[in-house]
Amino acid sequence: MFIRGGLSALAAVALLAVSVPANAAHDAIAEMKDQKGQRVGTVVLTQTANGTLLQANFNALPWGAHGFHVHAIGNCKVPFKLAGPHYFTTPGKKHGFLNPDTGHAGDLPNFFVSASGVAEFETVATTVNLDDKLFDGDGSALVIHAGPDDYKSDPSGAAGARIACGIIHR
C-alpha cells in the first residue's frame, strides 16, 4: 500500500485528520543513520490533537518500499536490534494494520524511495504521543526496514533487516 513518490495511501488519509500550522515548532527529532553510521535523513515529530505528525526527509536509501516503525528503546547500536520491539501502549496486541488484534502504536505506513534514493513524506501516528511513555528511561527510536511491511505478520510485518535507525530526541 504505497503511492509512488513516497506517500502511502494510509498516510494520505491520516493527514486529512490533522491540521498543523505552517510555522509550528517541532517537539522532537530523529536523525536517521544507516548501518555504516552515515546520515540518511531526518524525521521531525510534532504533537497534534490527533496524535504525532512525522515529517520525514530521507536520502541515500535503497530504491523501493520500506517498513517504518517506532521502536520501544532508544538504542541505535548496529544492527539496530537493541531498539527492541515496536513501541506499543496496549500490552497483548499484535502487529499490523491488517491484523484483527492490532495494537502496536509504533506501526506506521510503508513509504517508497525513488531511484535516486530520496523519499519525503508525512504521516500521523494516531496512537503515539510525545509524552513520558515515549521518552521513558530507555527512550524510543525510529527504524527503517529493508523491505515493505505486510501489515499483518507479527511481530514486525516481515519487513526484513533494520537498515536505518534514529533515536527520538526532544
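## The disulfide

By the distance rule used here, the count comes to one disulfide. A disulfide is a pair of cysteine sulfur atoms within 2.5 Å. The partners are C76 and C165, with their sulfur atoms 2.0 Å apart. The torsion about their S-S bond is about -60°, so this disulfide is left-handed. C76 lies in the loop between β5 (68-71) and β6 (111-113), and C165 in strand β9 (residues 162-169), so the pair ties together parts that are 89 residues apart in sequence. Both C76 and C165 are buried (under 20% relative accessible area; exposed is over 50%, partly exposed in between, with a 1.4 Å probe and protein chains only).

## Basis of the model

This is a predicted model: local features need pLDDT of at least 70, side-chain atom pairs count only at pLDDT 80 or more, and totals for chains, interfaces and linings use all residues. Residues are numbered from 1 along each chain as its sequence is written, and side-chain values use heavy atoms, leaving out hydrogens and water.

Strands are DSSP runs (E, at least two residues), as helices are (H or I, at least four), numbered from the N terminus. Two strands pair if DSSP finds at least two bridges between them.

Strand β1 (residues 28-34) pairs with β2 in the antiparallel sense over six bridges. In this pairing, E31 stands opposite T42.

T42 has N57 as its bridge partner in β3, and T46 stands opposite L53. β2 is mostly covered, with seven of its ten residues buried. In β3 (residues 51-58), six of the eight residues are buried, so the strand is largely enclosed by the rest of the structure. In a regular strand the side chains alternate between the two faces of the sheet.

What does β3 join through seven bridges? The partner is strand β7 (residues 119-125), and the two run antiparallel. Here L53 stands opposite V124.

Strand β9 pairs with β1 in the antiparallel sense over four bridges. I29 stands opposite H169 in β9. Five bridges join β9 to strand β8 (residues 141-145), again antiparallel. In that pairing V143 stands opposite C165, the cysteine of the disulfide with C76. Six of the eight residues of β9 are buried, so β9 is largely enclosed by the rest of the structure.

## The nonpolar cores

A nonpolar core is a set of buried Ala, Val, Leu, Ile, Met, Phe, Trp, Tyr and Cys residues joined through side-chain atoms within 4.5 Å. The largest holds 29 residues. Which of them touch the most other members? They are V43, F58, F68, F111, L142, I144 and I168. The elements that give two or more residues to this core are β1, β2, β3, β5, β6, β7, β8 and β9. Another core, of six residues, lies apart from it; C76, A83, A141 and V143 are among them.

Contact means heavy atoms within 4.5 Å. Leaving aside neighbours within four places in sequence, V43 is in contact with A28, I29, A30, M32, L54, Q55, A56, F58, F68 and L142.
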